Amino acid sequence: MQGELNFVPKILLCGEPADFLSRVGQRPFKIIGRAYISGEIKSQRFDFVQDNKIFFNDELQDLPALIKFLQSGAVDFFIFTSQKIFANFRNNAYKRGYLSNKVITIDEFKTLPLEFFYDVEADLQIFPSLKKLSIKTLLDVDGYFSRGRIFTKLGNDFTEIDGVAEENLLPIRENIYTHVYKNLADVGFKRYDAALIIERPPAEFESLFAMLENFSDTIITFARVGSGLERYILNTAKNFSKVQGFRNINGKWFFLTRHTPPENFCNYVVTHKATPHDGKLPDDYKIIHAGRAIAKDLGYAGDDTGDNISRLNLYINEITALYWIWKNTDHTTLGLSHYRRFFTESNDEKFSYEKILTRDAALKILERYDMIISEIFPGGLTQREFVENDCGKNLATFGESILKKYMLQAQPDYLPAFEYVLNSTTLYKCNMFVTRRNIFDAYCKWLFSFYIDATEEILQSAQLDKITDNRRRLMGYFSERLMTTWLIKNRLRVKELKIMQVPEL
């Protein structure tokens with residue numbers, strides 16, 4: 001993610017420009033002034049070690065004036081071409097109470113990252129700021145901390161930091177992070193309290209701010225004094241719901257929170273028969289009639305409008321409702337339950353309406369987790385054996401081969417995970433979940449890239465329409481194993497909850 005910023009550091013130079021130019025290489029820079037630590041000006045001799053005098057900005061000044069100038073943001077670095085003169089200045093300035101990472105040698109300057117401005121003082125400031133704002137998880141999108149001159153967590157015991165770094169880090173630098181990812185795709189669906197990005201031109205910053213929407217609502221960046229990014233943030237403050245900042249001598253850390261729409265939550269209760277739930281379910285629960293296209297109308301909203309596959313319900317169960325929700329709704333957070341099964345946070349699995357997971361409770365869980373799913377089911381048989389028991393070995397084997405054929409075409413990377421699940425004795429049952437929209441969309445896009453095509457071929461080849469018992473639900477049984485397959489391959493923080501079974505339905 002590291003951007004090309006064309007950052008040109010402003011330099012106050014102590015040394016000969018020709019010497020500097022011959023040694024600095026291809027680095028960008030702008031010499032805005034020269035300084036002399038000793039010499040003679042208008043027949044007046046001066047020596048910083050002896051009299052605290054420095055010549056810069058065309059006049060003889062003292063150390064406090066130089067400090068004020070360096071802290072004003074007018075320059076990014078005070079660079080010495082001579083190691084000996086640098087040592088004399090630094091040692092004597094230190095004795096007078098001044099030490100700064102802005103005062104460096106040309107050799108130090110050459111080792112600094114080319115593409116962005118890194119500042120130790122800014123780095124030292126950010127950790128207290130993270131703690132003050134209760135930011136407990138942070139994604140370092142550009143590997144900012146791994147590329148500067150500090151390579152430890154600096155006593156940070158509050159914020160868990162993950163980093164994105166395309167190149168391998170020195171082992172010591174890995175200590176900064178809990179996890180290191182090669183790119184944003186590897187981060188998966190994990191969300192953070194904040195994401196940190198380096199300074200960018202305004203247009204590039206705006207684009208990345210939008211792209212990081214699924215990772216965090218708060219973006220942190222450092223903008224130098226007078227930079228285009230600083231002007232952009234200050235001029236467009238109304239575009240953010242909150243703008244907070246912590247200034248240091250070179251610029252400002254900005255903590256920018258995006259505007260978020262009101263939460264649009266719905267938990268769909270899938271049914272194929274009349275239920276006693278009308279008026280008794282928590283707010284934002286909605287009953288949906290799966291397979292209404294091929295059944296008597298029960299008076300509920302059905303999965304047979306808009307873009308739908310309702311006609312396949314006899315064979316794939318609640319998956320017809322899942323498809324309809326994906327194609328025909330825009331909820332920001334959504335879930336799927338069954339008319340006989342509901343999530344609960346209670347340890348008592350005896351059913352009552354009062355114990356059904358509410359909207360507010362679900363959203364609270366999703367502040368720290370990516371998906372709510374059923375407790376893992378540790379069966380005594382493998383998943384392949386379960387399907388064989390329900391559908392017969394021949395039909396199960398045929399269905400597995402067709403599924404794998406279409407998965408190989410559309411999602412080949414998932415074949416090993418699918419095989420692993422079929423040989424496993426554990427499973428996330430019932431296709432029940434609550435999650436955020438982007439995760440839901442990603443799962444459905446994956447599932448329906450091969451599942452419907454496979455179902456259609458199995459339906460025709462095995463003549464499932466001629467079967468009247470549970471064997472025709474072969475693809476419905478496989479769908480539970482497919483959800484577990486997807487979860488295995490994707491980096492999600494899942495919260496397992498108990499399922500309450502509604503009696504006598």
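Analyst: Let us begin with Asp 58, which is exposed, with a relative accessible area of 74%; exposed means over 50%, buried under 20%, and partly exposed in between, with a 1.4 Å probe and protein chains only. The model is predicted, so local features need pLDDT of at least 70 and side-chain atom pairs count only at pLDDT 80 or more, while totals for chains, interfaces and linings use all residues. Residues are numbered from 1 along each chain as its sequence is written, and side-chain values use heavy atoms, with hydrogens and water left out.

User: What is the phi of Asp 58, and where is the residue found?

Analyst: In general, most residues other than glycine have a negative phi. Asp 58, although not a glycine, has a positive phi of about 65 degrees. It is found in the loop between β5 (53-56) and β6 (59-62); strands are DSSP runs of E with at least two residues, helices are runs of H or I with at least four, and both are numbered from the N terminus. Ser 43 is not a glycine either and has a positive phi of about 65 degrees. Ser 43 lies in the loop between β3 (38-41) and β4 (44-47), and at 67% relative accessibility it counts as exposed.

User: How is the packing of helices α14 and α18 to be described?

Analyst: Two packed helices are described by the angle between their axes and the distance between the axes. Here the axes of α14 (residues 393-410) and α18 (residues 474-489) come within 11 Å and cross at roughly 55 degrees. Each axis is a line fitted to C-alpha atoms over the stretch in contact, and angles run from 0 to 180 degrees between N-to-C directions. α14 and α18 are therefore oblique to each other, since angles under 35 degrees count as roughly parallel, over 145 as roughly antiparallel, 65 to 115 as roughly perpendicular and the rest as oblique.

User: Which residues of α14 and α18 meet?

Analyst: Contact means heavy atoms within 4.5 Å. On the α14 side are Leu 395, Ala 396, Gly 399, Glu 400, Leu 403 and Met 407, which meet Leu 474, Met 475, Phe 478 and Leu 482 in α18.

User: How many salt bridges does a search of the whole structure find, and which residues are linked in a network?

Analyst: A salt bridge is a side-chain nitrogen of Lys or Arg within 4 Å of a carboxyl oxygen of Asp or Glu. The search finds 32 salt bridges. Arg 384, Glu 400, Lys 404 and Glu 419 are linked in a network of them.

User: Which parts of the chain does the salt bridge between Lys 405 and Glu 457 tie together?

Analyst: The side chains of Lys 405 and Glu 457 meet at 2.9 Å, N to O. Lys 405 lies in helix α14 and Glu 457 in helix α17 (residues 451-461), so the pair ties together parts that are 52 residues apart in sequence. Lys 405 is partly exposed at 35%, and Glu 457 is partly exposed at 21%.

User: Is Gln 383 buried or exposed?

Analyst: Gln 383 is buried, with a relative accessible area of 0%. This residue lies in helix α13 (residues 383-391). Leaving aside neighbours within four places in sequence, Gln 383 is in contact with residues including Val 421, Leu 422, Thr 425 and Arg 481.
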